[in-house]
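Here is a short report for a reader new to this structure. Please keep the sequence and the 3D view at hand.

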Amino acid sequence: MLSIQNLDKHFGGVHATRNVSIEFPDGSLTAIIGPNGAGKTTFFNLISGTFRPNTGKVMFAGQDIVGRSSLEIVRLGIVRAFQVAEIFPSLTVSEAITAAVTSHLRGSWTFLRRFPLPETKARTEEIIELLGLEDKATTLSRNLSHGDQKLLDIGLALAMEPKVLLLDEPTAGMGPDERWRMIGKVQHLWQVKKMTVLFIEHDMDIVFKIAQRIHVLKYGAVLAQGTADEIRRNQDVIDAYLGSDHHLADAVGEQ
């Protein structure tokens, strides 16, 4: 279980997170939402070790991981895919995932091998198939569509064999059809791999459709927590973020 306890982070006089406490059960699919500036990305930065909190704990697998490096946290099993895809632009899809898998298996970036190990090849093929990128395996990463680059970024995260996967706005910059394709892939990965997935998302139709639990941040603090129905009807959330349309249109979560 991932347990966030009284997490507080400030930059000078700006409070980015305020006494945040949230528990994420193993195998859960959870959305983190809130207005711009609510502290969502900072929250991910604290979990992944990019920032260190001023106070509080990030408990994972029974230990407080605050103070661990980002690399150590990845090796423990918490892996992040970013809002802006971080890929190997000069490598093909297959080469990029092979590099990440080899790095994970060997514990360092010793991936420039002429003949990949059999287990590396098998793992790479599994990830490409999970992502539905078989027909793009020999395409240079830089030539992929925006949506496929984001899928590749998730594939690089999967190469690290995460127990917890953090997705920072996986559908950002996509059109409606591409957004639903992406979120369908995320839901499929979660179901197949049975890992804990946390995702930041602004599209409330997506959030209400797939998230088991939703946590709403405002000014760095937890405003509300609950199911899609509970959040959609929460007056504080309506006033701060959703607006009256989502309160009145209960069918949003049933589409």
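## A residue to start with

In which strand is Asn6 found? Asn6 sits in strand E1, which covers residues 2-11. The model is a predicted one. In it, phi of Asn6 is positive, near 50°, and Asn6 is not a glycine. Most residues other than glycine have a negative phi. Asn6 is partly exposed, with a relative accessible area of 41%.

Lys194 also has a positive phi, about 55°, although it is not a glycine. Lys194 lies in the loop between H6 and E8. Its relative accessible area is 66%, so Lys194 counts as exposed.

## Helix H4

Helix H4 runs over residues 118-131, a total of 14 residues. At 1.5 Å a residue, H4 should span 20 Å. After H4 comes Gly132, with a positive phi near 70°.

Which residues of H4 are buried? They are Thr120, Arg123, Thr124, Ile127, Ile128, Leu130 and Leu131. Viewed down the helix axis, the buried residues of H4 fall within an arc of 160°, so they line one face of the helix. On the other side of H4, Pro118 and Glu129 are exposed. What do the buried residues of H4 pack against? Their partners are helix H3 (93-106), helix H5 (146-158) and helix H6 (176-193).

## The six-stranded sheet

Six strands form an open sheet. Their order is E6-E7-E8-E3-E9-E10, and the pairing is mixed. Strand E6 (78-81) and strand E10 (221-226) stand at the edges. Each has a single partner strand, so one side of each is left without a neighbour in the sheet. From one strand to the next, the twist averages 20°.

How do E7 and E8 run? Strand E7 (residues 164-168) and strand E8 (residues 196-200) run parallel, joined by five bridges. Leu166 has Leu198 in E8 as its bridge partner.

## Salt bridges

How many salt bridges does a search of the whole structure find? The search finds nine. Side chains of opposite charge can pair when their charged atoms come close.

One of these joins the side chains of Arg80 and Asp168, at 3.3 Å from N to O. Arg80 is in strand E6 and Asp168 is in strand E7. The two are 88 residues apart, so the pair links distant parts of the chain. Arg80 and Asp168 are both buried. Elsewhere, a network of salt bridges links Arg123, Glu126 and Lys193.

## Asp229 and its two partners

Asp229 forms a salt bridge with Arg232, and the closest N and O atoms are 2.3 Å apart. Asp229 also forms a salt bridge with Arg233, with the closest N and O atoms 3.0 Å apart. Arg232 and Asp229 both belong to helix H8 (residues 228-232). Because they are three residues apart there, about one helical turn separates them. An α-helix has 3.6 residues a turn, so residues three or four places apart point the same way.

Asp229 is partly exposed, at 40% relative accessibility. Arg233 is partly exposed too, at 40%.

Technical notes:
Residues are numbered from 1 along each chain as its sequence is written. This is a predicted model: local features need pLDDT of at least 70, side-chain atom pairs count only at pLDDT 80 or more; totals for chains, interfaces and linings use all residues. Side-chain values use heavy atoms; hydrogens and water are left out. Helices (H or I, at least four residues) and strands (E, at least two) are DSSP runs, numbered from the N terminus. The expected span of a helix is 1.5 Å times one less than its number of residues. Buried means under 20% relative accessible area, exposed over 50%, partly exposed in between (1.4 Å probe, protein chains only). The arc is that of the directions from the helix axis to the C-beta atoms. Contact means heavy atoms within 4.5 Å. Two strands pair if DSSP finds at least two bridges between them. Axes are lines fitted to C-alpha atoms, for helices over the stretch in contact, and angles run from 0 to 180 degrees between N-to-C directions. A salt bridge is a side-chain nitrogen of Lys or Arg within 4 Å of a carboxyl oxygen of Asp or Glu.
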